[in-house]
Amino acid sequence: TPLVKIISSNSWPEEGQSIILTCESKGKPMPEPVLWTKDGGELPDPERMVVNGRVLSISFLNKTDNGTYRCEAKNPIGRNSTEYVLIVHDVFNTLLPTTVIPSLTTATVTTTVALTTTSATAISTRDPNALAGQTGPDHALIGGIVAVVVFVTLCSIILLGRYLARHKGTYLTNEAKGAEDAPDADTAIINAEGSQVNAEEKKEYFI
């Protein structure tokens, strides 16, 4: 009677991977060929589940491939079979035991983001200062011109006021000359250099 055993090429099959199941059969006489079935029926996906002699190859594993695979061999003396239970594991679940790698990766990413944020802050802080530095000389120049204009205007007003004040004082002083030694008010008015009478006399004299 044949002796049958299934050997798997992948002890921890995951989604997206492939697996090869080899059915070793021995007997006298040698049994061949072998018959592969799944859950008591035919193989459901012949395009991905290819049988080549005693070898069953399954590519692109997914959850639908879970089940019991049976290899049956027979010879003139009798028949025998063995089973293999296939469980396809998630890729995410296989990463859970190695929690150190995601932790290190997360730390590295966090550090990189922090450095990037700092650089962006520095750049954004420099831009306003750079713009302010460019417009600074223009404002300073305008302010200096305005200050000079205001200063010159104030100086002109002050000098003009002092000139008018001195001219008025000189006029009053000259008008009062000749009236100091007058015996009375009428004589003082007549003798004043700035009176209307003297003004008329001067006009007539020049004409």
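Here is a walk through this structure, from its overall layout to a few local details.

What you see is a predicted model. Start with the big picture: the chain contains four helices and seven strands. Follow the chain from the N terminus and the elements run β-β-β-β-β-β-β-α-α-α-α. The chain has 207 residues, and 18% of them count as buried.

As a bit of background, nonpolar side chains in soluble globular proteins tend to be buried together.

Next, find the cysteines. Which residue is joined to Cys23 by a disulfide? The partner is Cys71, with the two sulfur atoms 1.7 Å apart. This pair links distant parts of the chain: Cys23 sits in strand β2 (residues 19-26), while Cys71 sits in strand β6 (residues 67-75), 48 residues apart. The torsion about their S-S bond is about -85°, so this disulfide is left-handed. Cys23 and Cys71 are both buried. The count for the model comes to one disulfide. Another cysteine to look at is Cys155, which is partly exposed at 29% relative accessibility.

For background, most residues other than glycine have a negative phi, and most peptide bonds are trans. Go to the loop between β2 and β3, where you'll find Pro29 and also Pro33. The peptide bond from Lys28 to Pro29 is cis, with omega near 5°. The bond from Glu32 to Pro33 is cis too, with omega near -5°.

Move on to the loop between β3 and β4, which holds Asp39. Asp39 is exposed, because its relative accessible area is 52% and the cut-off for exposed is over 50%.

Phe60 also has a positive phi, about 50°, although it isn't a glycine. You'll find Phe60 in the loop between β5 and β6. Is Phe60 buried or exposed? With a relative accessible area of 57%, Phe60 is exposed.

Arg48 and Phe60 are twelve residues apart along the chain, and their C-alpha atoms are separated by 7.4 Å. Arg48 is buried, with a relative accessible area of 15%, because buried here means under 20%.

Finally, head for helix α2, which covers residues 100-176 and includes Val150. The unreviewed UniProt entry annotates residues 140-160 as a "transmembrane region". In the model, residues 140-160 are 100% helix and 0% strand, with the end C-alpha atoms 30 Å apart. Which residues make the nonpolar surface patch of about 460 Å²? They are Ile142, Val146, Val150, Leu154 and Ile157. Val150 counts as partly exposed, at 43% relative accessibility.

Technical notes: Residues numbered from 1 in each chain as written. Predicted model: local features only at pLDDT ≥ 70, side-chain atom pairs only at ≥ 80, totals over all residues. Heavy atoms only, no water. Patch = residues over 30% accessible without salt bridge, like charges linked within 9 Å, V, L, I, M, F, W, Y side chains within 5 Å. Areas by Shrake-Rupley, 256 points an atom, 1.4 Å probe, with all protein chains shown as cover. Salt bridge = Lys/Arg side-chain N within 4 Å of Asp/Glu carboxyl O. Helix = DSSP H or I, 4+ residues; strand = E, 2+ residues; numbered from the N terminus. Buried < 20%, exposed > 50% of the residue type's maximum accessible area, 1.4 Å probe, protein only. UniProt positions renumbered as here; feature names shortened; annotations may be inferred. Disulfide = S-S within 2.5 Å.
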